[in-house]
Amino acid sequence: MTADPSLLPLSRVCYDFGSLRVGATTPAMSHPARDLEGLIAKGSPEEQFLAQIDFARLPRHIAIIMDGNGRWARMRSLPRVAGHRAGIAAVRDVVETSARLGCQVLTLYAFSVENWKRPRREVDTLMGLLREYLKKELDTLQSHNIAFNVIGRKDELNPTIKRELQEGMEATRGNTGLLFNIALSYGGRAEIVDAVNRILADRGPSGSPEAPVDEASFSRYLYTAGQPDPDLLIRTSGELRISNFLLWQIAYAEIWVTETLWPDFRKRELLQAIVDYQKRERRYGRVDGSEPEPVSLSPGKVTV
Ligand code: FPP
(Lines give C-alpha, C1' and ligand atoms only; values in the text may rest on other atoms or scores of the structure.)
Protein backbone atom coordinates (compact mmCIF):
# COMPACT_ATOMS: atom_id res chain seq x y z
CA MET A 1 0.00 0.00 0.00
CA THR A 2 1.28 3.48 -0.77
CA ALA A 3 2.11 5.93 1.96
CA ASP A 4 -0.59 8.43 2.81
CA PRO A 5 0.69 11.48 0.95
CA SER A 6 -1.07 13.81 3.33
CA LEU A 7 1.52 12.77 5.90
CA LEU A 8 4.43 13.78 3.70
CA PRO A 9 5.89 17.25 3.44
CA LEU A 10 4.50 18.77 0.25
CA SER A 11 7.86 19.71 -1.21
CA ARG A 12 8.99 16.10 -1.14
CA VAL A 13 6.04 14.48 -2.83
CA CYS A 14 5.91 13.88 -6.54
CA TYR A 15 3.75 11.43 -8.47
CA ASP A 16 5.65 8.65 -10.10
CA PHE A 17 4.02 5.82 -12.00
CA GLY A 18 1.25 5.11 -9.55
CA SER A 19 3.46 5.36 -6.50
CA LEU A 20 4.71 8.43 -4.76
CA ARG A 21 8.25 9.58 -5.27
CA VAL A 22 9.35 10.33 -1.79
CA GLY A 23 12.59 11.91 -0.77
CA ALA A 24 13.36 13.63 -4.05
CA THR A 25 12.86 17.35 -4.15
CA THR A 26 10.24 18.31 -6.69
CA PRO A 27 11.88 20.68 -9.17
CA ALA A 28 8.72 22.76 -8.97
CA MET A 29 9.82 23.78 -5.52
CA SER A 30 13.20 25.07 -6.65
CA HIS A 31 13.92 28.11 -8.77
CA PRO A 32 15.53 26.90 -11.97
CA ALA A 33 18.41 28.96 -13.29
CA ARG A 34 17.93 31.16 -16.34
CA ASP A 35 20.09 30.52 -19.40
CA LEU A 36 19.31 32.99 -22.15
CA GLU A 37 22.67 32.82 -23.93
CA GLY A 38 22.05 32.40 -27.68
CA LEU A 39 18.34 31.72 -27.15
CA ILE A 40 17.12 34.64 -29.25
CA ALA A 41 18.47 36.23 -32.45
CA LYS A 42 19.40 39.90 -32.10
CA GLY A 43 16.84 42.28 -33.60
CA SER A 44 14.18 39.56 -33.87
CA PRO A 45 10.56 39.96 -32.72
CA GLU A 46 11.40 37.39 -30.03
CA GLU A 47 13.97 39.81 -28.62
CA GLN A 48 11.26 42.44 -28.12
CA PHE A 49 9.03 39.99 -26.27
CA LEU A 50 11.94 38.80 -24.15
CA ALA A 51 12.78 42.38 -23.17
CA GLN A 52 9.24 42.82 -21.81
CA ILE A 53 9.31 39.77 -19.54
CA ASP A 54 9.51 40.32 -15.80
CA PHE A 55 11.46 37.28 -14.66
CA ALA A 56 10.36 37.77 -11.08
CA ARG A 57 6.77 37.04 -12.19
CA LEU A 58 7.20 34.15 -14.61
CA PRO A 59 4.26 31.73 -14.63
CA ARG A 60 5.38 28.92 -12.32
CA HIS A 61 3.55 26.35 -14.37
CA ILE A 62 2.66 26.61 -18.05
CA ALA A 63 0.23 24.04 -19.45
CA ILE A 64 -0.33 23.67 -23.19
CA ILE A 65 -3.12 22.04 -25.21
CA MET A 66 -1.26 21.27 -28.43
CA ASP A 67 -3.91 21.40 -31.14
CA GLY A 68 -4.12 21.75 -34.90
CA ASN A 69 -1.73 19.05 -36.11
CA GLY A 70 -4.40 17.51 -38.32
CA ARG A 71 -5.36 20.86 -39.86
CA TRP A 72 -1.69 21.71 -40.43
CA ALA A 73 -1.32 18.48 -42.40
CA ARG A 74 -4.58 18.91 -44.29
CA MET A 75 -3.56 22.38 -45.46
CA ARG A 76 -0.55 20.71 -47.07
CA SER A 77 -2.50 17.73 -48.44
CA LEU A 78 -0.53 15.46 -46.10
CA PRO A 79 -1.81 12.64 -43.88
CA ARG A 80 -2.74 13.66 -40.32
CA VAL A 81 0.27 11.85 -38.90
CA ALA A 82 2.55 14.23 -40.80
CA GLY A 83 1.11 16.99 -38.62
CA HIS A 84 1.99 15.08 -35.47
CA ARG A 85 5.52 14.50 -36.75
CA ALA A 86 5.89 18.21 -37.53
CA GLY A 87 4.62 18.96 -34.01
CA ILE A 88 7.73 17.42 -32.49
CA ALA A 89 9.84 20.43 -33.55
CA ALA A 90 7.45 22.66 -31.61
CA VAL A 91 7.69 20.39 -28.56
CA ARG A 92 11.50 20.59 -28.68
CA ASP A 93 11.54 24.37 -28.98
CA VAL A 94 8.98 24.95 -26.23
CA VAL A 95 10.58 22.53 -23.77
CA GLU A 96 14.07 23.99 -24.22
CA THR A 97 12.83 27.58 -24.14
CA SER A 98 10.79 27.01 -20.97
CA ALA A 99 13.81 25.45 -19.29
CA ARG A 100 16.14 28.25 -20.35
CA LEU A 101 13.72 30.96 -19.22
CA GLY A 102 13.70 29.38 -15.77
CA CYS A 103 10.09 28.14 -15.68
CA GLN A 104 9.40 25.60 -12.96
CA VAL A 105 6.84 23.33 -14.64
CA LEU A 106 5.67 22.77 -18.22
CA THR A 107 2.85 20.33 -19.00
CA LEU A 108 2.08 19.29 -22.59
CA TYR A 109 -1.17 17.50 -23.43
CA ALA A 110 0.07 14.83 -25.83
CA PHE A 111 -2.60 12.13 -25.66
CA SER A 112 -5.98 12.17 -23.95
CA VAL A 113 -8.04 9.24 -22.66
CA GLU A 114 -10.41 10.03 -25.54
CA ASN A 115 -7.58 9.85 -28.12
CA TRP A 116 -7.60 6.02 -27.85
CA LYS A 117 -10.71 6.24 -30.08
CA ARG A 118 -8.63 7.59 -33.00
CA PRO A 119 -7.68 5.26 -35.88
CA ARG A 120 -5.14 2.61 -34.85
CA ARG A 121 -2.50 3.91 -37.26
CA GLU A 122 -2.69 7.40 -35.78
CA VAL A 123 -2.44 6.10 -32.21
CA ASP A 124 0.55 3.93 -33.15
CA THR A 125 2.25 6.89 -34.85
CA LEU A 126 1.74 9.11 -31.82
CA MET A 127 3.20 6.47 -29.50
CA GLY A 128 6.10 5.92 -31.92
CA LEU A 129 6.81 9.65 -32.02
CA LEU A 130 6.84 9.78 -28.27
CA ARG A 131 9.40 6.97 -28.06
CA GLU A 132 11.49 8.58 -30.77
CA TYR A 133 11.33 11.93 -28.99
CA LEU A 134 12.49 10.46 -25.72
CA LYS A 135 15.34 8.53 -27.31
CA LYS A 136 16.60 11.53 -29.29
CA GLU A 137 16.03 14.20 -26.67
CA LEU A 138 17.29 12.52 -23.51
CA ASP A 139 20.73 14.16 -23.83
CA THR A 140 19.11 17.57 -24.34
CA LEU A 141 16.88 17.04 -21.32
CA GLN A 142 19.95 16.18 -19.26
CA SER A 143 22.05 19.08 -20.54
CA HIS A 144 19.25 21.53 -19.67
CA ASN A 145 18.70 19.98 -16.24
CA ILE A 146 15.11 19.01 -17.15
CA ALA A 147 13.21 16.37 -15.15
CA PHE A 148 10.87 14.36 -17.36
CA ASN A 149 7.58 13.14 -15.91
CA VAL A 150 4.43 11.44 -17.22
CA ILE A 151 0.95 12.14 -15.92
CA GLY A 152 -2.11 10.11 -16.86
CA ARG A 153 -3.37 6.52 -16.77
CA LYS A 154 0.00 4.96 -17.47
CA ASP A 155 -1.30 1.44 -16.95
CA GLU A 156 -3.24 1.81 -20.21
CA LEU A 157 -0.02 2.29 -22.17
CA ASN A 158 1.81 -0.49 -23.97
CA PRO A 159 4.26 -2.13 -21.49
CA THR A 160 7.32 -1.37 -23.63
CA ILE A 161 6.41 2.30 -23.89
CA LYS A 162 5.64 2.40 -20.20
CA ARG A 163 9.07 0.94 -19.40
CA GLU A 164 10.84 3.41 -21.69
CA LEU A 165 8.98 6.31 -20.14
CA GLN A 166 9.87 5.03 -16.69
CA GLU A 167 13.53 4.85 -17.72
CA GLY A 168 13.37 8.42 -19.00
CA MET A 169 11.86 9.55 -15.72
CA GLU A 170 14.46 7.71 -13.67
CA ALA A 171 17.34 9.01 -15.79
CA THR A 172 16.26 12.62 -15.25
CA ARG A 173 14.91 12.30 -11.72
CA GLY A 174 17.83 14.17 -10.14
CA ASN A 175 17.49 17.18 -12.42
CA THR A 176 16.49 20.32 -10.60
CA GLY A 177 15.53 22.65 -13.46
CA LEU A 178 12.27 22.52 -15.40
CA LEU A 179 9.82 19.75 -14.52
CA PHE A 180 8.46 18.64 -17.88
CA ASN A 181 5.18 16.71 -17.60
CA ILE A 182 3.79 14.91 -20.61
CA ALA A 183 0.08 14.17 -20.20
CA LEU A 184 -0.50 10.73 -21.73
CA SER A 185 -3.70 8.73 -21.64
CA TYR A 186 -4.74 11.70 -19.57
CA GLY A 187 -8.21 12.97 -18.68
CA GLY A 188 -9.05 15.56 -16.05
CA ARG A 189 -12.15 13.68 -14.89
CA ALA A 190 -10.24 10.39 -14.87
CA GLU A 191 -7.55 12.03 -12.71
CA ILE A 192 -10.16 13.21 -10.18
CA VAL A 193 -11.80 9.77 -10.09
CA ASP A 194 -8.37 8.14 -9.64
CA ALA A 195 -7.63 10.53 -6.77
CA VAL A 196 -10.92 9.66 -5.04
CA ASN A 197 -10.21 5.96 -5.40
CA ARG A 198 -6.72 6.36 -3.97
CA ILE A 199 -8.12 8.23 -0.99
CA LEU A 200 -10.66 5.43 -0.43
CA ALA A 201 -7.93 2.79 -0.78
CA ASP A 202 -5.70 4.58 1.71
CA ARG A 203 -8.56 4.76 4.21
CA GLY A 204 -9.12 1.02 4.06
CA PRO A 205 -12.30 -1.10 3.83
CA SER A 206 -13.87 0.27 6.99
CA GLY A 207 -13.63 3.80 5.61
CA SER A 208 -12.59 4.77 9.11
CA PRO A 209 -13.45 8.35 9.95
CA GLU A 210 -10.39 10.51 9.52
CA ALA A 211 -9.85 14.18 8.97
CA PRO A 212 -12.20 15.41 6.22
CA VAL A 213 -10.66 15.84 2.80
CA ASP A 214 -9.93 19.45 1.98
CA GLU A 215 -8.58 21.02 -1.19
CA ALA A 216 -4.96 20.83 -0.10
CA SER A 217 -5.11 17.18 0.93
CA PHE A 218 -7.09 16.27 -2.20
CA SER A 219 -4.46 17.90 -4.42
CA ARG A 220 -1.86 15.58 -3.00
CA TYR A 221 -3.66 12.63 -4.56
CA LEU A 222 -3.59 14.13 -8.06
CA TYR A 223 -0.99 13.15 -10.67
CA THR A 224 0.52 16.61 -10.15
CA ALA A 225 0.95 16.24 -6.38
CA GLY A 226 3.53 18.65 -5.06
CA GLN A 227 3.52 20.83 -8.18
CA PRO A 228 2.18 24.37 -8.40
CA ASP A 229 -1.06 24.68 -10.37
CA PRO A 230 -0.78 26.15 -13.87
CA ASP A 231 -0.72 29.94 -13.91
CA LEU A 232 -0.95 30.02 -17.68
CA LEU A 233 -2.92 27.69 -19.97
CA ILE A 234 -2.13 27.96 -23.67
CA ARG A 235 -4.23 26.46 -26.44
CA THR A 236 -3.20 26.50 -30.08
CA SER A 237 -5.33 26.48 -33.27
CA GLY A 238 -7.98 28.91 -32.02
CA GLU A 239 -10.35 26.45 -30.34
CA LEU A 240 -11.98 27.75 -27.16
CA ARG A 241 -12.20 24.51 -25.20
CA ILE A 242 -10.59 22.95 -22.14
CA SER A 243 -10.88 19.39 -23.51
CA ASN A 244 -10.78 17.63 -20.14
CA PHE A 245 -7.27 18.98 -19.35
CA LEU A 246 -6.12 19.55 -15.76
CA LEU A 247 -9.68 20.35 -14.69
CA TRP A 248 -8.85 20.68 -11.01
CA GLN A 249 -5.52 22.45 -11.45
CA ILE A 250 -6.58 25.21 -13.88
CA ALA A 251 -9.14 26.71 -11.50
CA TYR A 252 -7.32 30.06 -11.53
CA ALA A 253 -5.17 29.74 -14.65
CA GLU A 254 -5.04 32.57 -17.16
CA ILE A 255 -6.06 31.26 -20.59
CA TRP A 256 -4.21 32.31 -23.74
CA VAL A 257 -5.43 31.10 -27.14
CA THR A 258 -3.60 31.53 -30.42
CA GLU A 259 -4.74 30.80 -33.97
CA THR A 260 -1.28 29.34 -34.65
CA LEU A 261 -1.44 25.60 -35.31
CA TRP A 262 0.76 23.52 -33.01
CA PRO A 263 3.41 22.52 -35.61
CA ASP A 264 4.04 26.26 -36.21
CA PHE A 265 4.21 27.20 -32.51
CA ARG A 266 7.66 28.34 -31.42
CA LYS A 267 9.36 30.41 -28.74
CA ARG A 268 7.96 33.60 -30.27
CA GLU A 269 4.40 32.57 -29.38
CA LEU A 270 5.51 31.26 -25.99
CA LEU A 271 7.20 34.56 -25.13
CA GLN A 272 4.18 36.51 -26.37
CA ALA A 273 1.90 34.39 -24.17
CA ILE A 274 4.07 35.13 -21.13
CA VAL A 275 4.12 38.86 -21.89
CA ASP A 276 0.32 38.90 -22.23
CA TYR A 277 -0.07 36.83 -19.07
CA GLN A 278 1.98 39.37 -17.13
CA LYS A 279 -0.38 42.14 -18.23
CA ARG A 280 -3.39 40.37 -16.73
CA GLU A 281 -4.72 41.30 -13.34
CA ARG A 282 -5.25 38.11 -11.37
CA ARG A 283 -7.93 38.64 -8.78
CA TYR A 284 -8.80 35.10 -7.63
CA GLY A 285 -12.37 36.23 -6.97
CA ARG A 286 -11.21 39.25 -4.96
CA VAL A 287 -11.54 42.90 -5.86
CA ASP A 288 -7.84 43.77 -6.09
CA GLY A 289 -4.79 42.03 -7.55
CA SER A 290 -3.20 40.98 -4.27
CA GLU A 291 -1.94 37.44 -3.81
CA PRO A 292 -4.65 35.04 -2.74
CA GLU A 293 -4.85 33.16 0.49
CA PRO A 294 -5.24 29.43 -0.05
CA VAL A 295 -8.84 28.69 -0.95
CA SER A 296 -10.40 26.16 1.37
CA LEU A 297 -13.72 24.42 1.38
CA SER A 298 -14.29 23.57 4.99
CA PRO A 299 -17.72 22.32 6.07
CA GLY A 300 -20.19 25.15 6.29
CA LYS A 301 -17.87 27.64 4.66
CA VAL A 302 -17.72 27.85 0.90
CA THR A 303 -15.20 30.17 -0.72
CA VAL A 304 -15.59 30.93 -4.42
C1 FPP B 1 -3.94 17.60 -31.53
O2 FPP B 1 -4.02 17.80 -32.91
C3 FPP B 1 -2.67 16.97 -31.17
C4 FPP B 1 -2.53 15.73 -30.62
C5 FPP B 1 -3.71 14.88 -30.35
C6 FPP B 1 -1.24 15.13 -30.31
C7 FPP B 1 -0.08 16.03 -30.01
C8 FPP B 1 1.15 15.24 -30.12
C9 FPP B 1 2.35 15.64 -30.61
C10 FPP B 1 2.66 17.01 -31.00
C11 FPP B 1 3.45 14.64 -30.79
C12 FPP B 1 3.94 13.88 -29.59
C13 FPP B 1 4.24 14.69 -28.39
C14 FPP B 1 5.34 14.65 -27.60
C15 FPP B 1 5.28 15.37 -26.32
C16 FPP B 1 6.60 13.99 -27.95
P17 FPP B 1 -5.27 17.23 -33.73
O18 FPP B 1 -4.82 15.96 -34.36
O19 FPP B 1 -6.46 17.10 -32.86
O20 FPP B 1 -5.43 18.37 -34.79
P21 FPP B 1 -6.78 18.86 -35.51
O22 FPP B 1 -7.67 19.42 -34.41
O23 FPP B 1 -6.30 19.91 -36.46
O24 FPP B 1 -7.37 17.66 -36.19
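User: Hi! Let's start with the sheet: how many bridges join β5 to β6?

Analyst: Hi! There are 5 bridges between β5 and β6, and these two strands run parallel. Keep in mind as we go that this is a predicted model.

User: Noted. Which residue is the bridge partner of Phe148?

Analyst: That would be Phe180, which sits in β6.

User: And what order do the strands of the sheet have?

Analyst: The order is β5-β6-β4-β3-β7-β8, an open sheet of 6 strands with parallel pairing.

User: Which strands stand at the edges, and why is one side of each left without a neighbour?

Analyst: Those are β5 (147–151) and β8; each has a single partner strand, so one side of each has no neighbour in the sheet. As for the twist, it averages 20 degrees from one strand to the next.

User: Nice. Which strands does helix α8 lie across?

Analyst: Helix α8, residues 267–279, lies across β7 and β8. Its direction makes an angle of about 140 degrees with β8.

User: Switching to the ligand now. Which residues come nearest?

Analyst: The shell around the ligand has 21 residues, and the nearest of them are Asn69, Gly70, Arg71, Gly87 and Tyr133.

User: Which element gives the most to that shell?

Analyst: Helix α3 does, with 5 residues. At least two residues each come from α2 (69–74), α3 (80–101), β4 (105–112) and α4 (120–143).

User: How does the shell split by class?

Analyst: You'd find 11 nonpolar, 7 polar and 3 charged residues around the ligand.

User: What about Leu246, what is its phi?

Analyst: Leu246 is a residue other than glycine with a positive phi, near 45 degrees.

User: Where is Leu246 placed?

Analyst: Leu246 is in the loop between β7 (232–235) and β8 (254–257).

User: And is Leu246 buried or exposed?

Analyst: Leu246 is buried, since 26 other C-beta atoms are found within 10 Å.

User: Great, thanks for going through it with me!

Conventions
Residues numbered from 1 in each chain as written. Predicted model: local features only at pLDDT ≥ 70, side-chain atom pairs only at ≥ 80, totals over all residues. Helix = DSSP H or I, 4+ residues; strand = E, 2+ residues; numbered from the N terminus. Buried ≥ 20, exposed ≤ 12 C-beta atoms within 10 Å, placed from the backbone. Near = placed C-beta within 6 Å. Nonpolar A, V, L, I, M, F, W, Y, C, P; charged D, E, K, R; others polar. Pairing = 2+ DSSP bridges. Axes fitted to C-alpha atoms, helices over the stretch in contact; angles between N-to-C directions. Contact = placed C-beta atoms within 7 Å.
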